[in-house]
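Student: Hey, can we go through this one together? I'd like plain answers, please.
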Amino acid sequence: MRRTIALTLSSTRDLFSGSNEAGLMILAKIITLGKGLLFNVLGFGVLVGIWYIVSLITKEALPTPVATFSVFWELVKDPFYDYGPNDKGIGLQLGSSIVRVFSGFLLGAMIAIPMGLLIGASSFCKKMFYPIVQVLKPVSPLAWFPIGLVAFESASKATIFIIFITSLWPTLINTAFGVASLPSDHKNVAKAFGFSRWKYLTKVLLPYSFPHIITGLRLSIGVAWLVIVAGEMLSGGIGIGFFVWDSWNALSLEKVISAILIIGIVGLILDKGFSWLEKKVTYEA
Amino acid sequence: MISIQNIEIAFNTPKGKFVAVKDINLEIKKGEIVSIIGHSGCGKSTILNAVSGMVFPTKGKVLLNNKEVKGPGPDRGIVFQNYSLLPWLNVEENIYQAVDAALPSKTKTDKRDLVEKYLRMVNLWDHREKHPKQISGGMKQRTAIARAFAIDPDVLLLDEPFGALDALTKGSLHIELLKMWNLTQRSKTIVMVTHDIEEAIFLSDRIVVMNNGPAATIREIEEVHLPRPRNKKEIVNLEEYKIIRERLLNLLMDKVEIDEEDFYKEKAA
């Protein structure tokens, strides 16, 4: 990366001798950015090419890119229409999925962060609760769906429940890890100057583990977004997962592929958002 | 003032009991500067930690103003070797949080004033908004020293405070430390752990020389009668300085020079 900047800098310097350094820097950046974008487009181009070949070979059992993109365009052109319970725009479906994911995710975080702090800070709590985490963590969140149904008597709430369960583990484990890795130097400062429990929590423990907690949240939202699609296939009603299943039942693979694209893009945006937050809260030691 | 009475400090390890230091007896008067010097792993820091209340002696006891030390307290300010500033707080907040925790009876304005006073003493007032990553090692240690002084303790405990600094910075920080000590009417007792002989002589009234561990004991206590205020350049020419330095070198190093024989062996190989 750095090498490309240097190269473009030296080549552009020859072209624009006389213009100022800052201008050159910006130009170099644009060129690097453009190059990066070119590679991205190239990668997608190869993918679409293979897709096209496969759809030709299968005699369009797999819809062609062109057919898919026209359906995709139909979907995103009018995302918020509502023609009754079985025919809603993609924006509404997506919106309801996002609301569910965030409700489950926030509930999960509210439990996972304090639990993580406890497990990380006290070896007693770790011995008591960590085995439970280890047993429950590998369970597919979908296995909790029936329990959610019994508990809440509503498929929609049961979906939120499985998202809640899903989001618990990465946040809890990362928080606990962050807290447990607090350097003894920092602990000694708190001890030496007689920090109160509250001061220790707010000025030492939380600031130190904050980046770890955000990493946990990022992993949690990632898994939650994976699980919501499967969850909504089970629950039905509304949501992007239901939309995929419904499109399959309507034999519209074009819609399914469009939905896959949209799910991927939303997942990417969620991840980027949390990465940005992660960078924001990371202090340099 | 500080009275260390026949302490032994042992740790439980998987291999059994490990005795770090034993039979340590030491009386330190108010306003005295005492260095503990010895090789790595001789338990110097362990003794300091017993005074700070971070570790507890397995035998004997440490008295501070005739009261047994039962844990860390605001009557003792500690300067750690690796500065131990909290990286997410700026210089001013690092000191303020310590003052706030150690002196709960003071008002907020008083605490802020204290922080300013000590930051000015170490010439860091202009850098108060910077975070530890933005300042040099010497500035970090000045912050740590200001933090330890700011809680106005009777005793200052310094654990190899200048060990990680280059020689020039070290020299200026010695002066800085003595300046702080003078500005507080030489009333603060300072106990410092070091492995630097020159540093120990320049700063201390007495130097405690340790034997090698495990189960290290005090080998000898050297008195330093050099007049104060001391001048770095001048004291090195004083006869007493040379004598003490010689004695400490002999105590700490078995061999002061390389054998000729070793030299020839090296050449042949």
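**Helix, sheet and contact**

Tutor: Let's start with α7(A), which is mostly covered: 21 of its 26 residues are buried (20 or more other C-beta atoms, placed from the backbone, within 10 Å of their own). This is a predicted model, where local features need pLDDT of at least 70, side-chain atom pairs count only at pLDDT 80 or more, and totals for chains, interfaces and linings use all residues. Residues are numbered from 1 along each chain as its sequence is written, with chains lettered from A and ligands numbered from 1 in the order in which they are written.

Student: Where does α7(A) bend?

Tutor: At A:L168, by about 25° (the angle between axes fitted to the seven residues ending there and the seven starting there). A proline, A:P170, follows within four residues. Helices here are DSSP runs of H or I, at least four residues, and strands are runs of E, at least two, numbered from the N terminus.

Student: New topic: what's the strand order in the open sheet of chain B?

Tutor: β6-β7-β8-β3-β9-β10, with mixed pairing; strands pair if DSSP finds at least two bridges between them. The edge strands, β6 (76-79) and β10 (218-223) of chain B, each pair on one side only.

Student: And how many bridges join β7 to β8 there?

Tutor: Five, and the two strands of chain B run parallel. B:L158 stands opposite B:M192 in β8(B).

Student: How many residues does each chain give to the contact?

Tutor: Chain A gives 17 and chain B gives 18, counting residues whose C-beta atoms, placed from the backbone, lie within 7 Å. On the side of chain A, α8(A) has the largest share, six residues.

Technical notes. Contact = placed C-beta atoms within 7 Å. Buried ≥ 20, exposed ≤ 12 C-beta atoms within 10 Å, placed from the backbone.
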